[in-house]
Amino acid sequence: MDLDVETGTVGDASLLSLRGEIDVYTAPRLRQAIIDLVEGGATRIVVDMEKVDFLDSTGLGVLVGGLKRVRVKDGSLSIVTTQDKILKIFDITGLSRVFDIHPSVDAAVAAE
Amino acid sequence: MSDAAVAGPEVDDTELELAFPPRPEYVRMARHTVAALARLHDAADEVVDDLKLAVSEACTNAVSTNARGGGDPVRVTVAVTDGSLLVDVANAGPGIDPSLLEHDPELDSEEFTFERGLSLPLIRGLVDHLEILPGEPNGSVVRMRLALAEGQPE
């Protein structure tokens with residue numbers, strides 16, 4: 001499985017729906033999708049990782065980079081997942097303290 | 001679990017040897033191949049997930065190092081001893097500074113200076129034992145041990 005990146009909107013947020021594996025080969029596609037959204041004026045981004053099978057430090061770096069991009073515009077980038085294996089990666093790296101992580105897209109959009 | 005399991009694989013215990021070009025698209029193949037070997041030994045799902053990520057991180061480091069160097073292949077060796085998987089990922093470049101093993105990433109939510117520094121801390125958090133050894137004839141070897149069953153071995 002490769003990585004599919006779908007862009008949409010939900011409420012007043014931009015939604016990035018990811019499916020597949022995020023690693024050193026596929027992470028540049030995620031980076032570009034985030035850059036495209038931010039350059040298109042998005043400041044509120046929800047990244048749905050519920051269908052992500054694999055995430056590595058390259059992918060985490062891209063998410064951190066995305067968070068930096070929206071923060072300078074007083075925006076937000078939040079994560080959606082209930083998967084233990086993904087949550088564990090955020091926990092080990094301490095990034096669970098940096099990102100807002102929600103159990104559903106609706107919860108992410110409702111949070112502010 | 002005796003120290004012998006940490007000391008190194010006997011030749012007879014080696015069950016998998018991989019050599020692949022130092023290009024990003026090959027990292028996925030490497031982690032899935034090592035994961036398939038772990039499943040052959042009935043590794044728990046959580047162990048397979050940890051193994052895939054640890055192997056992937058080590059291979060990504062090696063791909064980056066070797067691609068900057070002479071383009072030497074990345075070499076992965078897996079042995080199974082005493083209920084543990086012993087994975088060596090060798091790179092041929094200038095190697096990894098072993099002092100990085102002691103490095104904790106700076107988690108400053110305002111600065112984010114650690115984007116490239118998450119790999120070794122992540123590996124350390126996933127495996128039961130991690131060593132960085134000098135490579136032959138050069139480079140370094142990231143050696144990782146994971147118990148096949150869930151939970152930490154004694």
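Two residues count as being in contact when their C-beta atoms, placed from the backbone, lie within 7 Å. With that in hand, here are the views; keep in mind that this is a predicted model.

Figure 1. Take the contacts in chain A with a separation of 6 or more: 69% of them join residues 24 or more positions apart. Starting at the N terminus, the elements go β-β-α-β-α-β-α-β-α, which gives chain A four helices and five strands. The C-alpha trace spans about 30 × 25 × 20 Å along its principal axes. The radius of gyration of chain A is 12 Å, which agrees with the value near 13 Å that a compact globule of 112 residues would have. Of those 112 residues, 46% count as buried.

**Figure 2. Val70(A) and its neighbours.** Val70(A) sits in helix H2 of chain A. It counts as buried because it has 20 C-beta neighbours inside 10 Å, and 20 or more is what a buried residue needs. Leaving aside residues up to four places away in sequence, Val70(A) touches Val38(A), Thr43(A), Ile45(A), Gly75(A), Ser76(A) and Leu77(A). Look at Thr43(A) in particular: Val70(A) and Thr43(A) are 27 residues apart in sequence, yet their C-alpha atoms are 5.4 Å apart in space.

**Figure 3. Asp74(A), a non-glycine with positive phi.** Asp74(A) is not a glycine, but its phi is positive, at about 55 degrees. You'll find Asp74(A) in the loop between H2 and strand S4 (76-80) of chain A. Asp74(A) counts as exposed because it has 8 C-beta neighbours inside 10 Å.

**Figure 4. Where chain A meets chain B.** Here 19 residues of chain A are in contact with 22 residues of chain B. On the chain A side, helix H2 (57-71) and helix H3 (84-92) are the elements that give two or more residues. H2(A) gives the most, with seven residues. By type, the chain A side divides into seven nonpolar, six polar and six charged residues. The model scores ipTM 0.94 and pTM 0.87.

**Figure 5. The H2–H3 helix pair of chain B.** The axes of H2(B) and helix H3 (residues 45-68) of chain B come within 9 Å and cross at roughly 145 degrees. The crossing is right-handed. Residues of H2(B) that make the contact include Val27(B), Ala30(B), Val34(B) and Ala38(B), and those of H3(B) include Val48(B), Leu51(B), Val55(B) and Cys59(B). Overall, the residues of this contact divide into eleven nonpolar, two polar and three charged.

**Figure 6. Two loops of chain B.** Asp82(B) lies in the loop between strand S2 (74-81) and strand S3 (84-91) of chain B. Although not a glycine, Asp82(B) has a positive phi of about 50 degrees. Asp82(B) counts as partly exposed because it has 15 C-beta neighbours inside 10 Å. The other loop, between strand S4 (129-134) and strand S5 (140-147) of chain B, holds Pro137(B). The peptide bond from Glu136(B) to Pro137(B) is cis, with omega near 0 degrees.

**Figure 7. Confidence along chain B.** Chain B averages a pLDDT of 82, and 75% of its residues score at least 70. Among its elements, helix H2 (residues 27-40) has the highest mean pLDDT (98), and helix H1 (residues 4-7) has the lowest (49). The pLDDT is below 50 over residues 1-5 of chain B, a stretch with seven contacts in the model beyond near neighbours in sequence. Over residues 106-116 of chain B the pLDDT is below 50 too, and that stretch has 13 such contacts.

How values were computed:
Residues numbered from 1 in each chain as written. Chains lettered and ligands numbered in written order. Predicted model: local features only at pLDDT ≥ 70, side-chain atom pairs only at ≥ 80, totals over all residues. pLDDT = per-residue confidence, 0-100. Rg over C-alpha atoms; globule rule 2.2 N^0.38 Å. Buried ≥ 20, exposed ≤ 12 C-beta atoms within 10 Å, placed from the backbone. Axes fitted to C-alpha atoms, helices over the stretch in contact; angles between N-to-C directions. Left-handed = near helix turned anticlockwise from the far one by under 90°. Nonpolar A, V, L, I, M, F, W, Y, C, P; charged D, E, K, R; others polar.
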